[in-house]
There are 2 protein chains.
Amino acid sequence: MQPWSACQVGDHFDTVDTPSLILMLDAFERNLDRLMQASQGLRVRPHAKSHKCPDVAKHQIAKGAVGICCQKLSEAACFAQAGIQDILITNQIVGPKKLKHLRALAEQVNLGVLVDHPAQIVALASLMSGAKQALNVYIEVEVGGMRCGVGVEAVVPMAMAIVAATDQGLRFAGLHCYHGRAQHFRQAKERSEAIGHATGVVRQAIEQLNHAGINVPCVTGAGTGTFWHERDSGLYNEIQAGSYAFMDRDYGDNIADASDVIFENALFIKTSVMSTPRDGVAIVDAGLKASSVDAGMPATFNQPGWRYLKASDEHGVIELTPGTEAALGQSILLVPGHCDPTMNLYDEIICFRDDHVHAIWPISARGALL
Amino acid sequence: MQPWSACQVGDHFDTVDTPSLILMLDAFERNLDRLMQASQGLRVRPHAKSHKCPDVAKHQIAKGAVGICCQKLSEAACFAQAGIQDILITNQIVGPKKLKHLRALAEQVNLGVLVDHPAQIVALASLMSGAKQALNVYIEVEVGGMRCGVGVEAVVPMAMAIVAATDQGLRFAGLHCYHGRAQHFRQAKERSEAIGHATGVVRQAIEQLNHAGINVPCVTGAGTGTFWHERDSGLYNEIQAGSYAFMDRDYGDNIADASDVIFENALFIKTSVMSTPRDGVAIVDAGLKASSVDAGMPATFNQPGWRYLKASDEHGVIELTPGTEAALGQSILLVPGHCDPTMNLYDEIICFRDDHVHAIWPISARGALL
């Protein structure tokens, strides 16, 4: 924990200590509106793994989101504790300790989880027996992400197993069909083709389930980089985008075409120059513990031509445009390479409107890994 | 924050929830002993940016360390609050907000900071005027790390400026000469040559200072990958190694020669298999929010031949040796790719002895970025 705060509500932007995580509220709210509009009536269930912040989730729900997704059980518990009532954990929950907490959470909120193995269904049915409200169980289908998920051939038997456990507190809620890899294919055509493949798999799965007499209440998936393709397929009911609220350098590197829905940068790291050791270089106080580099370096925002070249743990090396100079103490805004793990480095996010601190929101589920 | 604990003191290893950060105390203590022995009487001041954990620092000091290094002012404040009395911040502190906190901290503990610009000396002298105890000011010298630090030609005038501010509460404490890049040069010869260059620079700097009648109280630097070279130069007084206490995959990838000092893996991520979607693959619950990937993927520890192939935010893809299978719920130990930013993802570290939880230490300075 920071032993002191970087600022107080009401402070001017220039006085905020660095490095700090910054949310520009006007841009953030425009992004929320833009997704609601672009969803064209599909349900929006933003992924809260991106932000881990109940205040962000509440803003998303106030704009019309039906609830949130989480990736971890403990993350979901943090949001439940903050009053979020409808949560889909887009993950498999395995192991006796986690299942005990899952049962407790399922009594508090409308909860969903994924399965991709028959043994998980058996464990969930045993867990939920006698529960007051049913647990929503989605089958995760492998649609190209090459991570978790079953092939189409396994969907009908798994759905039958879930339906057979209706009396044991399980509800067959539908299919989870998310193509994570496709979100960052750089060319618009690659993304469109990847989702073309995914929707082909989804169509087959739905047909086979319908043929077996099983209704599919919901197909959920779709991220910031592709959701308009899933939307236009006519097969998906729910959009899970997360990064759209903030944007990051990695999503910004996607090359858009006319059909793409574009969001604007709302999330930044405020950093300061702490050393000017050589011509052409400034060293800033935000390294890889301040801006995650798993998806590459952050970008400089308000200094065109300057390039964040290299991060070490607590230092960033910025290459200056020839002929320009950086001053000790000068502040620079960075666009994080990847918003999700960057949010996970901070305990709070400093929200700005009109160049002043409007609010400071706790990132309550930061570090909730269990 | 995690809404519940992964375990309690006394629990058996097998029952600890995942993903969790694990310290094997026997190996950790052997590493501490090994550095004290290999230091051959040089002062040891371990870098606490590696762990951010006061309990670890206290163990290092109990074994003979003279104090700790920190990289951030707020990090140093966390350690001071936990009772650590001698702290060198191996960084430049710039800006009025930070300077105010620096002054407060300098009244609490024996504190050192670095400078690499005359303006920093002016600001520190103005800050420390009238202080009860002096601030130790080290000149950071560029010895090959290509980050902060001045060239040899600037050392004498900067030292004179510090000495001239003796009455204003500054004490010229010596030279900070750390070659960060050299720590991870894979070949022993490359590391030895890089430190050969660094010690050449240090020698020049000392000669010029002595020629100007300025004594150099301390030369500090040297990390886990090279410190025996700095030690053998006869020029360094103090070793700043940090990762030695834990080790990680990245340091493990260094190719050693006979003169190298080797440490053992004491730090792990306990993870569980949560999906077995295809032959040859297991998906585990530790992704890049559980084990930082800035220095590459973690390594599997207790499953020879299995390879952690790819991390997404909350998933890890493990490639299995042909003919082997992973079971749902099976636990696997990972060696983090880079210990420092991995420690910074957790609120606590679970310490084991004899397969049982011996202690749970708070990582109090986690997220202390200011």
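In which crossing does α6(B) pass α7(B)? The crossing is right-handed, and Figure 1 shows it. The model is predicted: local features need pLDDT of at least 70, side-chain atom pairs count only at pLDDT 80 or more, and totals for chains, interfaces and linings use all residues. Residues are numbered from 1 along each chain as its sequence is written, while chains are lettered from A and ligands numbered from 1 in the order in which they are written.

**Figure 1. Helices α6 and α7 of chain B.** Helix α6 covers residues 155-164 and helix α7 residues 188-211 of chain B; helices (H or I, at least four residues) and strands (E, at least two) are DSSP runs, numbered from the N terminus. The two pack at an angle of about 50°, and their axes are 9 Å apart. Axes are lines fitted to C-alpha atoms, for helices over the stretch in contact, and angles run from 0 to 180 degrees between N-to-C directions. α6(B) and α7(B) are therefore oblique to each other (under 35 degrees counts as roughly parallel, over 145 as roughly antiparallel, 65 to 115 as roughly perpendicular and the rest as oblique). A crossing is right-handed if the near helix is turned clockwise from the far one by less than a right angle, and left-handed if anticlockwise. From α6(B), V155(B), V156(B) and A159(B) meet A205(B), Q208(B) and L209(B) of α7(B); residues are in contact if their C-beta atoms, placed from the backbone, lie within 7 Å. Five residues of this contact are nonpolar, one is polar and none is charged. Ala, Val, Leu, Ile, Met, Phe, Trp, Tyr, Cys and Pro count as nonpolar, Asp, Glu, Lys and Arg as charged, and the others, Gly among them, as polar.

**Figure 2. Helices α4 and α5 of chain B.** The axes of α4(B) and helix α5 (residues 118-128) of chain B come within 10 Å and cross at roughly 55°. That makes α4(B) oblique to α5(B). Their crossing is right-handed. L99(B), L102(B), R103(B) and A106(B) of α4(B) make the contact with A123(B), L127(B) and M128(B) of α5(B). Six of the contact residues are nonpolar, none is polar and one is charged.

Figure 3. A241(B) sits in the loop between β9 (238-239) and α9 (249-252) of chain B. With 27 other C-beta atoms within 10 Å, A241(B) is buried (20 or more such atoms; 12 or fewer is exposed, and in between is partly exposed). P46(B) is 195 residues away along the chain, yet the C-alpha atoms of P46(B) and A241(B) are separated by 5.1 Å. Beyond neighbours within four places in sequence, the contacts of A241(B) are L35(B), P46(B), H47(B), A222(B), G223(B), T224(B) and F227(B).

**Figure 4. The contact between chains A and B.** Here 58 residues of chain B are in contact with 58 residues of chain A. On the side of chain B, two or more residues each come from α3 (73-81), α4 (96-108), β10 (267-275) and α10 (339-343). α3(B) gives the most, with four residues. This side of chain B has 25 nonpolar, 19 polar and 14 charged residues.

**Figure 5. The two domains of chain A.** Domain 1 (13-20 + 263-362) and domain 2 (26-246) of chain A come from the domain assignment. Their C-alpha centres lie 33 Å apart. Domain 1 puts twelve residues into the contact and domain 2 puts in 17 residues.

Technical notes
Two residues are in contact if their C-beta atoms, placed from the backbone, lie within 7 Å. Domain bounds come from an automatic or database domain assignment.
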